[in-house]
Amino acid sequence: MAVTIRIQTEHFDVTAETARLTAGRADIGAVVAFTGLCRDEGGRLSALELEHYPGMAEAEMSRIATEAQERWPLMGLTIIHRFGMIAPREEIVLVLTASTHRHAAFHAAEFLMDYLKTQAPFWKREHLKDGTVGEWVQAKGVDDLAAGRWV
Amino acid sequence: MKLVYFAWVRERVGKTDEDVELPTSVSTVADLVRWLKGRGEEYEYAFENEGIVRAAIDHVHVKPEASVLQAREVAFFPPMTGG
């Protein structure tokens, strides 16, 4: 099964990543794609700065990917997370899941995102339109609740 | 043992990483935090709410009661906000 996990500063292309995931396979009936984007928070933000823990971020994403494969009959998955300075409208994270049927792909994509948000060592800090560096984004209890659904 | 810090924990401590020689009184993550808080007000500030700061040993999330005796690298960081 094709598992792609990348952490990068560069942009990613959903179409190209989907083509890579399904290349040479005629048995995949469903691909679910989730793209997380940077919001401007009502015009306040000039960018989000994403910090990560190199080494652990990859390891944690691999553990999350392995768990998804154990729970659903997946034929492939892709997780790409960007770091560095990310402007509003730009993409932050991509999750692709491929399966024979849609349910496994939908559920696995949602599971992967819930766990990425609460377990993968990334932190966001706001950069404001007025040129100042804002606050570190606070973790939301609602994200922990979402991840808790899968336990 | 190497200690690494991220996000606002890193900013409060004032360094990205450091090598430390642990006293024999330190055997768990909670002991390590207690010892660090005694090293200066920057650590006191970083760990002022002990329930908030998370820890990882050699790239794996751990709880405060986890042993650090075999650890090569211990990381401290705020709750994660990626995705």
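The structure is a predicted model. For the 83 residues of chain B, a compact globule would have a radius of gyration near 12 Å; chain B has 12 Å, so the two agree. Along the principal axes, the C-alpha atoms of chain B fill a box of roughly 35 × 30 × 20 Å. Of the 83 residues in chain B, 29% are buried.

Chain B contains three helices and five strands. Read from the N terminus, its elements follow the order β-α-β-α-α-β-β-β. Among contacts in chain B between residues at least 6 apart in sequence, 53% link residues at least 24 apart.

The strands of chain B build an open sheet. Its five strands are ordered S2-S1-S5-S3-S4, and the pairing is mixed. The edges are formed by strand S2 (17–19) and strand S4 (60–62) of chain B, each of which pairs on one side only. Neighbouring strands of this sheet are turned against each other by 25° on average, direction ignored. Within the sheet, strand S1 (residues 2–5) and strand S5 (residues 73–77) of chain B run parallel and are joined by four bridges. One residue pair illustrates this pairing: Lys2(B) has Glu73(B) in S5(B) as its bridge partner.

Glu73(B) has 15 other C-beta atoms within 10 Å. A residue counts as buried at 20 or more such atoms and as exposed at 12 or fewer, so Glu73(B) is partly exposed. Beyond its neighbours within four places in sequence, Glu73(B) is in contact with Lys2(B), Val4(B) and Asp58(B). Met1(B) is 72 residues away from Glu73(B) in sequence, yet their C-alpha atoms are 6.0 Å apart in space.

Chain A has four helices and eight strands. From the N terminus, its elements run β-α-β-β-α-β-β-β-α-β-β-α. The radius of gyration of chain A is 16 Å, close to the 15 Å given by the globule rule for 151 residues, so chain A is as compact as a globular protein of that length. The C-alpha trace of chain A spans about 50 × 35 × 30 Å along its principal axes. Buried residues account for 33% of the 151 residues in chain A. Among contacts in chain A between residues at least 6 apart in sequence, 75% join residues at least 24 apart.

A hairpin in chain A involves strands S7 and S8. S7(A) and strand S8 (residues 133–136) of chain A pair in the antiparallel sense over two bridges. His127(A) has Val133(A) in S8(A) as its bridge partner. Four residues separate the strands of this hairpin, in which Gly131(A) takes a positive phi near 90°.

The two chains meet through 22 residues of chain A and 14 residues of chain B. On the side of chain A that touches chain B, at least two residues each come from strand S3 (45–52), helix H2 (56–71), helix H3 (102–119) and strand S7 (122–128) of chain A. H3(A) supplies the largest share, five residues. By residue class, this side of chain A divides into 14 nonpolar, five polar and three charged residues.

Definitions and conventions: Residues numbered from 1 in each chain as written. Chains lettered and ligands numbered in written order. Predicted model: local features only at pLDDT ≥ 70, side-chain atom pairs only at ≥ 80, totals over all residues. Contact = placed C-beta atoms within 7 Å. Nonpolar A, V, L, I, M, F, W, Y, C, P; charged D, E, K, R; others polar. Pairing = 2+ DSSP bridges. Axes fitted to C-alpha atoms, helices over the stretch in contact; angles between N-to-C directions. Rg over C-alpha atoms; globule rule 2.2 N^0.38 Å.
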